[in-house]
Amino acid sequence: MACLLELLKALLLYIFTAANIVNQNSCPSNWTQFHKTNHCYRFYNETGLNWNDARKQICSQQPSGDLVSINSKEENQFVMGLIGSKETWIGLSDLITKNTWVWSDGSEGDYRNWASGEPYSPYNQDCAVMNFGTEKSQWVAYPCDEQIYFMCEAPVV
Ligand SMILES: [Ca+2]
């Protein structure tokens with residue numbers, strides 16, 4: 001009988017712990033978690049949107065969600081793994097102050113992966129796209145009203 005009780009206790013502890021892990025670290029379905037940032041990511045590759053609509057209409061549906069901010073080489077590689085070679089908006093722009101590129105989610109840090117000669121934005125190329133043309137995994141300044149695929153990032157819920 002004592003043995004059975006011990007077994008029951010162990011089983012309850014296991015269920016409780018498993019439930020906790022799921023609750024503490026979960027991303028919504030269709031989102032992928034990156035353990036280094038503990039954030040969730042989703043690549044939207046069905047309908048292209050302009051930079052602002054992608055951000056305001058789609059990414060913001062998730063609490064504290066925004067276009068992806070790429071803050072390290074590791075995060076850049078992780079994002080590449082999800083989007084492959086598709087041209088994709090990232091959350092970097094100089095819309096607020098010309099030639100000062102900032103992340104839309106407010107994250108800071110100096111990591112940049114511009115293609116050679118970029119950011120080249122003499123006119124209205126004020127938003128950053130990843131994978132433009134042959135510049136795989138690198139970033140290029142591009143007109144914000146172009147409609148292309150995009151990636152969102154949000155904290156785990
Ligand atoms: Ca980020």
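Strands, like helices, are taken here as DSSP runs numbered from the N terminus, a strand having at least two residues, and in these terms Asn99 lies in the loop between S4 and S5. The model described is a predicted one. Within it, Asn99 has a positive phi of about 70 degrees although it is not a glycine, and this residue counts as exposed because it has 8 C-beta neighbours inside 10 Å, the limit for an exposed residue being 12 or fewer.

The protein chain contains 3 helices and 8 strands, which follow one another along the sequence in the pattern α-β-β-α-β-α-β-β-β-β-β. Of the 157 residues in the protein chain, 31% are buried. When contacts between residues at least 6 apart in sequence are considered, 68% of them join residues at least 24 apart.

Helix H3, which spans residues 73-83, has Glu75, Asn76, Val79 and Ile83 as buried residues. Seen down the axis of H3, these buried residues fall within an arc of 100 degrees, and they therefore line one face of the helix. On the other side of H3, by contrast, Lys73, Gln77 and Gly81 are exposed. The packing partners of the buried residues of H3 are strand S1 (32-34), strand S2 (39-49), strand S4 (88-97), strand S6 (127-130) and strand S8 (148-155). Just after H3, Gly84 adopts a positive phi of about 65 degrees.

In soluble globular proteins, nonpolar side chains tend to be buried together. In the present model, the largest nonpolar core has 32 residues, and those with the most contacts inside it are Leu67, Val68, Trp89, Ile90, Val129, Phe150 and Met151. At least two residues of this core are supplied by each of S2, helix H2 (51-58), H3, S4, strand S5 (100-103), S6, strand S7 (139-142) and S8. The most is given by S8, with 6 residues. For Met151, when its neighbours within four places in sequence are left aside, the residues in contact are Tyr41, Arg42, Phe43, Leu67, Val68, Val79, Leu82, Ile83, Thr88 and Ile90. Among these contacts of Met151 are Val79 and Ile83, which also belong to the buried residues of H3.

Several residues in loops were also examined. Phe132 is placed in the loop between S6 and S7, and it is partly exposed because 18 other C-beta atoms lie within 10 Å, whereas a residue would need 20 or more to be buried. Although Phe132 and Glu87 are 45 residues apart along the chain, their C-alpha atoms are separated by 5.4 Å. Glu87 is also one of the residues in contact with Phe132 when neighbours within four places in sequence are left aside, the others being Val140 and Tyr142.

In the loop between S1 and S2, where Asn38 is placed, the phi of Asn38 is near 55 degrees, a positive value in a residue other than glycine. Asn38 counts as exposed because it has 11 C-beta neighbours inside 10 Å. In the loop between S5 and S6, where Pro119 lies, the peptide bond from Glu118 to Pro119 is cis, with omega near 0 degrees.

Methods. Residues are numbered from 1 along each chain as its sequence is written. This is a predicted model: local features need pLDDT of at least 70, side-chain atom pairs count only at pLDDT 80 or more; totals for chains, interfaces and linings use all residues. Helices (H or I, at least four residues) and strands (E, at least two) are DSSP runs, numbered from the N terminus. The arc is that of the directions from the helix axis to the C-beta atoms. Two residues are in contact if their C-beta atoms, placed from the backbone, lie within 7 Å. A nonpolar core is a set of buried Ala, Val, Leu, Ile, Met, Phe, Trp, Tyr and Cys residues joined through C-beta atoms within 7 Å.
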